[in-house]
Amino acid sequence: MGLFLQLLTRGLITGSLYALLGVSWGIIYNTTRTFHFAHGLIYTLTSYIILVFTGMSFPLIPSLLLGLLAATLVGCCVEYFAYLPMREKNASQLSVFLTAMGIMIAGQSLIHLIFGPDSRPLEGFPEQVISLGMITFTTIDLFTVVVSWLVMVLFFAFLVRTKVGMMIRAVSSNPEKATFIGIDAKRIFVLVFGIGSLLVGIAAFLATLDKPANPNIGLGALLISFITVFLGGVGNLAGTVLGGMILGVAESLVIMVLPTEYKMVVTFFILFLVILIKPEGLMGKKST
């Protein structure tokens, strides 16, 4: 029972981060229907910018703000200078996807060339062990859960309660109709890429606090991002949060019966089962 509770706690911590990752990619995909493969590059880039500035003796908070600013700007630039011109030329989804993959691979290779393959830890956050009966976690774990859920709650409130949020939901629901009633879909697309990049930057910061960064971390984050979106249901961000929590808990509990290296296999197996039984996702709506 002690092992189960410990693994469940670890799963809830991981699931909170997975949910944030899924929401960061989901808001972009749900609104623009762009398979934003370069999302993984922004994740990696944010971690390394924070590491560079903390390595130059900058305090952690200013370094974080600079990293998040860079993530937001890069996300907007990728949409404005790469995806938007391709859409205006009626490029195929495959062409856009290959462009995104090229940006991801080129950026990741550049980071590898500049910083090398070694992992780099992020220091400056006080870490202490907290014990509650049979459960043990750290202040970083607690911080990750609190920040992840706080950011997601604020983001959902922004979508529901603000005029800009309502415009984003309108474009996500029906871009043509939204344009007809006077909403500039192009600006909304750029804004959504900025918001999604900001969210993934926060996720990158939280993840790097716990584990050292390396040039390849973006790929794993990207996989988790779109798996949670399709698991929860495309177009349903609440479903994405549920998908992230399910993946986090499942990956953690599977250690009780399988070696650690099988975690990703379990992730894809869960996705396969959901697609087989409920193709629209756990909380997705059937297409009519």
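**Aromatic rings and helices in a predicted model**

With a relative accessibility of 28%, F143 counts as partly exposed, a class that lies between buried (under 20% relative accessible area) and exposed (over 50%), computed with a 1.4 Å probe on protein chains only. The model is predicted, so local features need pLDDT of at least 70 and side-chain atom pairs count only at pLDDT 80 or more, while totals for chains, interfaces and linings use all residues. Residues are numbered from 1 along each chain as its sequence is written, and side-chain values use heavy atoms, with hydrogens and water left out.

The structure holds 16 aromatic pairs, and one of them joins Y29 to F35 in an edge-to-face arrangement, with 6.5 Å from centre to centre and 80 degrees between the planes. Rings of Phe, Tyr and Trp (its six-membered ring) pair if their centres lie within 6.5 Å, and planes under 30 degrees apart are stacked, over 60 edge-to-face, and the rest tilted. Y29 is buried at a relative accessible area of 15%, whereas F35 is partly exposed at 21%.

F143 belongs to another such pair: its ring centre lies 6.4 Å from that of F205 and the two planes stand at 85 degrees, so this pair too is edge-to-face. It links distant parts of the chain, since F143 sits in helix α5 (residues 139–161) and F205 in helix α8 (residues 185–210), 62 residues apart; helices here are DSSP runs (H or I, at least four residues), numbered from the N terminus. F205 has a relative accessibility of 5% and therefore counts as buried.

From its first C-alpha to its last, α8 reaches 38 Å, close to the 38 Å expected at 1.5 Å a residue, where the expected span is 1.5 Å times one less than the number of residues.

Returning to Y29 and F35, the reader will find both in one aromatic cluster together with W25, F37, F97, F226 and F230. N30 lies in helix α1 (residues 2–32) and is buried at 4% relative accessibility. Leaving aside residues up to four places away in sequence, N30 touches S172, V229, V234, G235, N236 and L237, contact meaning heavy atoms within 4.5 Å.

K89, by contrast, is exposed at 70% relative accessibility, and this residue lies in the loop between α3 (60–88) and α4 (93–115). K89 and P279 are 190 residues apart in sequence and 31 Å apart in space, C-alpha to C-alpha.

Methods: Helix = DSSP H or I, 4+ residues; strand = E, 2+ residues; numbered from the N terminus.
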